[in-house]
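Trainee: Please take me through the terms used for this model, one at a time.

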Amino acid sequence: MSKSKYTLLILPAVTILCFQNCSMHADNEKTMENSVFTYPGAQQPHEDREHGVVGEQAKRKTTSQALVADRAYVDSALAEIFNNGNDLNIINNSVVNNVSAFGTPCSLYMDYATSARNANGQENETRFDSGTRCAVDTQSLNAPINPDSQVTREAYLSFTCESLIENTAAMDNGLRRIASTAPAVLPPATDANILKLFSLFYRYKPAPQAGFFQAMRVLFANSNTPTRDEWKAAFYTLCVSGHWQLN
Amino acid sequence: MMMGLPINVLMAALESIINQAHAGVLDNPSNKYGVKLVQIIMPGGPPRWMFDLPLTPNGNDQFMAGSFGNALQADTTTNVVHSSFKSRNGLHVPPVWGMNLAGVSPFQSLLDNALFLRGVDGEIDNHDLNRVRADQPVLGGQSISGSIADISSNPIAAIDMLNRNSTFISKNNKAVSFVDSGVNGNTNPVSRAMQPFTQGGKVFYRAQPGWNAAIEQALDQLDLYAKNLNSAKSGLRENYAAADSLIKEGVTALTDRWTGVYNKYLGVIDAALNPTKGSLPGFFDKVIPVTAGDNRFRLSDTAMPNMTDLRDLTSRGLQRRGDAATFAAAEILLTSGAVSTVIMGWGGTNNIALSPGGNTMGLGHDQHTTGSAAMSLVMNLAYRSLIASMTTFMDASKAAGTWNKTIIQTGSEFNRNPRTDASGADHAPNASTVSIYSGMINGAACVGNVVTDPGNNNYRGTYGVSANFQIEGENRKLRFNDVARTITAMAGSPDIVTNGVSLMKPDGTGGWVPKLKVANNV
């Protein structure tokens, strides 16, 4: 057998040995999932290189901080929950145009809008609406690319949340996301509906622990017959909680 | 009510505990007594040798008068150029430091905590870039203001009242809050700065302890959820709590102080700009007749008319309302613990209305007529108002117990070189100056060598052109990197440059003194 043929046989075997710990293990995934989605006492997440021979002493500690979403994300998230086409100014004034607090410099293209399609179905030419979405000036160009949580930002967010839930149309729209019968018939404050509310803000995130539902139920005097004010308080709580802004 | 009595009582107790934990965001020691920075950026290139560039700091330095308004020396100009005022610890500084003002602490008290860095080589001759480099020594890099904001915990990291292409850059992504441009007596920048905390808090549950406590409980659960999900963000909940506390407490106590503090600075500035003729010994204390067309008396780009006395220029009353507004805002926001860093401008001679021959005229900011008697008169009075304002600020800071951690930094786009006939002096970026005032500094000090004669026939004389000296093993000129490293060392904030040296060192008693006591004319 030639030397090259030996190589062809040995190479796959070596490759498998070297990278077996990097392959996708159903058990590992579950372990990781458990460590993330369960609470104290669960197995901690670990790195691949910790498998086998690496002892506890040699574990490398890493730290990371979640990124705080920029104004574009906050804008789209809040608009999806509350916006009914008429309330954009609340979010625009407090979030979108507040570049120093919510971050990311303006893009010139944010100020372009596409007009309605013409009779031939073609889009009319884009037009420049200076300052309607984001004033392109020195302040905005110097806005932080990776915005961080700030006291002023949380104050603006609190005001935005407050303004949205106090706006009848916006709050109606939010309630409709919980139950289509709203606002005429307010949805009961069941765990299922509180989870719906939670998921509006915490998108694609696993369900919270039981303690959260217990705490939220305190907001409602009678879960079966909640008042609008109680739902407003519930929306406000989720809105200002902040962690939904983390990526 | 939504809950029964026992729960209400429980919630009220919980609310009380939460309130205690969140109470007094502004009074929190780290906010109130942490390091503070006031950056005063002067527009254009004001002649710094009338203010914070001692040309004969040791009293016996070699000095070439050169082009400092030669024709007028006998009457006026010599007095405003030489460093004729002697500080308590023997530093000779420009005579404006001796022009005290009734009702304001002697300017000497500010000199007791002063460092003059002269002969800084600005390297670039460009209005915008040099102004930026006062804060960002490396263009596009970190800023001094951002470095100090990064170590602060104040509710508002930084306020920019200068609003001309902000220089603030924070490594920790702290935000700078912009206060409307054109700060003047008609606006209340404190109200604008505190707006995030004054526009909310009107919803029904704010007034009901039970609701608040219930919301806090739910927020605690969401914190726990995020931590367990490894997606928590340190400081996020704390920032919300601080914001919520400020909203609930209301910050009207700060905005309500505005009128009184603003009027205090307005009074100080008005008095400094408009002395009774002859009331300042040795300074324009004689009648100075003006002949129309004589360039020695030129002001701005306009030739002066015939005047019986040059000093009548100020007869209409000079005002700097914008300066009063910015100093008032700085005092309120910094001494209260609301803000850690203030970037502000100072008007200098910009927009000062003068009345030569009864005709009002505006005076530009760029001082291209440096060297004329008229400009010397106005500029000295303007600097007098700046020193009086800083001294007033210092007094307020001392009263609040914050002066020992407060740093004032003055900068401009460059210095200016003088000409005899006032036909138009030019930029002098190679003769830049930075002065620093802080309760951390013990005594008055001057650091930096300057050239006795720059060797330029147009601009002969000693006006601060930088010269080499030994700086920790290197024979070189001072640079903005050294200035930045000096300030961040004193502040204990992160370095923002990879070279440069701190020119100050701890004196062992909690204060700072110059590491290099070199200030020669060579």
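The talk below covers an interface and then a strand.

Mentor: This is a predicted model, where local features need pLDDT of at least 70, side-chain atom pairs count only at pLDDT 80 or more, and totals for chains, interfaces and linings use all residues. Residues are numbered from 1 along each chain as written, chains are lettered from A and ligands numbered from 1 in the order written, and side-chain values use heavy atoms, without hydrogens and water.

Trainee: What makes residues of chain B count as in contact with chain A?

Mentor: Contact means heavy atoms within 4.5 Å. By that rule 56 residues of chain B touch 57 residues of chain A.

Trainee: How many salt bridges does the rule find across the interface of chain B and chain A?

Mentor: The rule asks for a side-chain nitrogen of Lys or Arg within 4 Å of a carboxyl oxygen of Asp or Glu. Zero are found between chain B and chain A.

Trainee: Why is strand β13 of chain B called mostly covered?

Mentor: Buried means under 20% relative accessible area (1.4 Å probe, protein chains only). In β13 (residues 432–438) of chain B, seven of seven residues are buried, so the strand is called mostly covered. B:S432, B:V434, B:I436 and B:S438 point one way from β13(B), and B:T433, B:S435 and B:Y437 the other.

Trainee: What makes β4 and β13 of chain B a pair?

Mentor: Strands (E, at least two residues) are DSSP runs numbered from the N terminus, and two of them pair if DSSP finds at least two bridges between them. β4(B) (residues 113–120) and β13(B) have five, in the antiparallel sense, so they pair. One of the bridges joins B:L117 to B:V434.

Conventions. Buried means under 20% relative accessible area, exposed over 50%, partly exposed in between (1.4 Å probe, protein chains only). Helices (H or I, at least four residues) and strands (E, at least two) are DSSP runs, numbered from the N terminus.
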